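The following briefing concerns the structure shown below.

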Amino acid sequence: MEILVMAGQLLLGLSLLVGLHEFGHFAFAKLFKIRVDKFYIFFDFLFPLPAVMNFALVKKKIGETEYGIGWFPLGGYVQIHGMIDETQDADALAGPPQPDEFRSKPAWQRLLVMLGGIIMNVLTGIVIFSAITLHYGENYLPASEARYGILPNGLGRSMGFRTGDKIVKINGRPFAEFDEVYKPDVLLGSHSYFTVERGSQLVDVNVPANFMDHFAQQQDSLFVRPREPFTVGRVVAGNPAAEAGLKPGDHIVAIAGKPIQFFDELQAALVANAGKKTALAVERDGQPLTLTAAVTAAGKLGFEPKPTMHFEQRQYSLAQAIPAGTSKAFGVIGLQGRAIAKIFRGEAKASESLGGPVEIAQQYGGQWDWQRFWGLTGGLSMVLAFMNLLPIPALDGGHVVFLLYEMIARRKPSDKFLGVAQQIGTVLILMLMAYVIILKPLLKALH
């Protein structure tokens, strides 16, 4: 079921973003009276071969345009009459330009048509992030609440963090909210570091230049978490916790005689006693109590911990949410730019930074959470805008480069040149798709 939920969220999110992206091209084409032959979400052919396996799941012609949903779920397209793209090449445009064709329009109009998808994705990202900010506000953990220090995962330990370290400064400055620890400009910046209080000493922990490579390999995206005491939350019926008589609000103070204060200590003690009947020392309403539980072979009891740290909430008015949402949306593009800069500087591997549909679906998760869904979809919209702006032939950015050249040089590249460039760009994109969808998961499985 979790796989179906992941796939469903991925399909819904990408369908929405692809549809809006193509609508951006469509809207500007219609504005400038350019004929649009097709508007498809997903391809109705075997991409990138427009004459192979042509069929649609749903289609309907309205006016001059055929609207439909294709069978090949890797993008979508609008077929703009008189434009060289993945659906038609220079040979299809051998005749003289017609008034309703893309190629007959002024360069500035063609430029806006090509930028239409990117503009729509940016606006979509801004609207989504602004709406999330307005509706949900922001929950944040004051840095002072992390008074018991942090618990690092494997990446955090490799950076130099130790369990119980208290982060007191970021890049030499005190900070007010714990989430500042995870800010991209800190983790992807140059020479970033954390100052931690370790016992009676202050120690600097540097963020490695290749942090992004190690981060991409982690299942747990939070390299450090606040360490905190806990109480028993929901007890799952039919599990050892319920059978032992554990109740919400109980405080587990020891397992098999070993004192317990933090949840990570509980997890370690349960793993050490996996498959055994184990004594639980519990405090209930201030009174000591001893229970016996049969710990599962996986080291579980079957209850949810209830956090004890106090989160604050920040609410926004509409006038405040729009600039805050806009800042979050463009922050995604800034993150992408810094990531690519690190790749070009040799501080990160492109192979570790690229992710395909499987990685995206995993980020959506196996539980349907609308806040998470919209947050990730808004981020993907901004990533889609950024990636399409890259100056690669076959992407919108490639068309933009040629149009800017035409506007500056006052002469248009030949249709033959544009056709060859389109083919080269398509091959590059196909190679990239083959890597992220097929080769990378295969290499990961073999490794």
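**Overview**

Of the chain's 447 residues, 42% are classed as buried, where buried means under 20% relative accessible area, exposed over 50% and partly exposed in between (1.4 Å probe, protein chains only). This is a predicted model, in which local features need pLDDT of at least 70 and side-chain atom pairs count only at pLDDT 80 or more, while totals for chains, interfaces and linings use all residues. Residues are numbered from 1 along each chain as its sequence is written, and side-chain values use heavy atoms, with hydrogens and water left out. The chain holds 13 helices and 17 strands, which are DSSP runs numbered from the N terminus (helices H or I, at least four residues; strands E, at least two). Among contacts (heavy atoms within 4.5 Å) between residues at least 6 apart in sequence, 69% join residues at least 24 apart.

**Packing of α1 and α11**

- Two packed helices are described by the angle between their axes and the distance between the axes.
- The axes of α1 and helix α11 (residues 370-389) cross at roughly 45 degrees and come within 10 Å; axes are lines fitted to C-alpha atoms, for helices over the stretch in contact, and angles run from 0 to 180 degrees between N-to-C directions.
- The two helices α1 and α11 are therefore oblique to each other, given that angles under 35 degrees count as roughly parallel, over 145 as roughly antiparallel, 65 to 115 as roughly perpendicular and the rest as oblique.
- The crossing of α1 past α11 is right-handed; a crossing is right-handed if the near helix is turned clockwise from the far one by less than a right angle, and left-handed if anticlockwise.
- On the α1 side, the contact is made by Q9, L12, G13, L16, L17 and H21, and on the α11 side by W370, F373, W374, T377, L380, S381, L384 and N388.
- The residues of this contact divide into 8 nonpolar, 6 polar and no charged; Ala, Val, Leu, Ile, Met, Phe, Trp, Tyr, Cys and Pro count as nonpolar, Asp, Glu, Lys and Arg as charged, and the others, Gly among them, as polar.

**Packing of α2 and α12**

- Helix α2 (residues 107-136) packs against helix α12 (residues 396-409) at an angle of about 160 degrees, with their axes 9 Å apart.
- That angle makes α2 roughly antiparallel to α12.
- The crossing of α2 past α12 is left-handed.
- From α2, the residues A107, W108, R110, L111, M114, L115 and I118 meet D396, H399, V400, L403, L404, E406 and M407 in α12.
- The contact of α2 with α12 comprises 10 nonpolar, 1 polar and 3 charged residues.

**The four-stranded sheet**

- An open sheet of 4 strands has the order β2-β3-β1-β4 with mixed pairing; two strands pair if DSSP finds at least two bridges between them.
- Strands β2 (56-62) and β4 (72-80) are at the edges with a single partner strand each, so one side of each is left without a neighbour in the sheet.
- On average, direction ignored, neighbouring strands of this sheet are turned by 10 degrees against each other.
- Between β2 and strand β3 (residues 65-70), 6 bridges form the antiparallel pairing, and K61 has E66 in β3 as its bridge partner.
- Helix α1 lies across β1 (36-43), β3 and β4, and runs at about 165 degrees to β1.

**The three-stranded sheet**

- Another open sheet has 3 strands in the order β7-β8-β9, paired antiparallel.
- Its edge strands, β7 (166-170) and β9 (201-206), each pair on one side only.
- The twist from one strand to the next averages 30 degrees.
- Strand β7 is joined to the antiparallel strand β8 (residues 193-198) by 4 bridges, and K169 stands opposite T195 in β8.

**Individual residues**

- Q9 lies in helix α1 (residues 2-31) and counts as buried because its relative accessibility is 0%.
- Leaving aside neighbours within four places in sequence, Q9 is in contact with Y364, G365, Q367, W368, D369 and F373.
- M1 belongs to the segment before α1 and, at 77% relative accessibility, counts as exposed.
- M1 and G366 are 365 residues apart in sequence, yet 7.7 Å apart in space, C-alpha to C-alpha.
- G331, in helix α8 (residues 318-344), counts as partly exposed at 32% relative accessibility.
- G331 and D185 are separated by 146 residues in sequence and by 9.4 Å in space, C-alpha to C-alpha.
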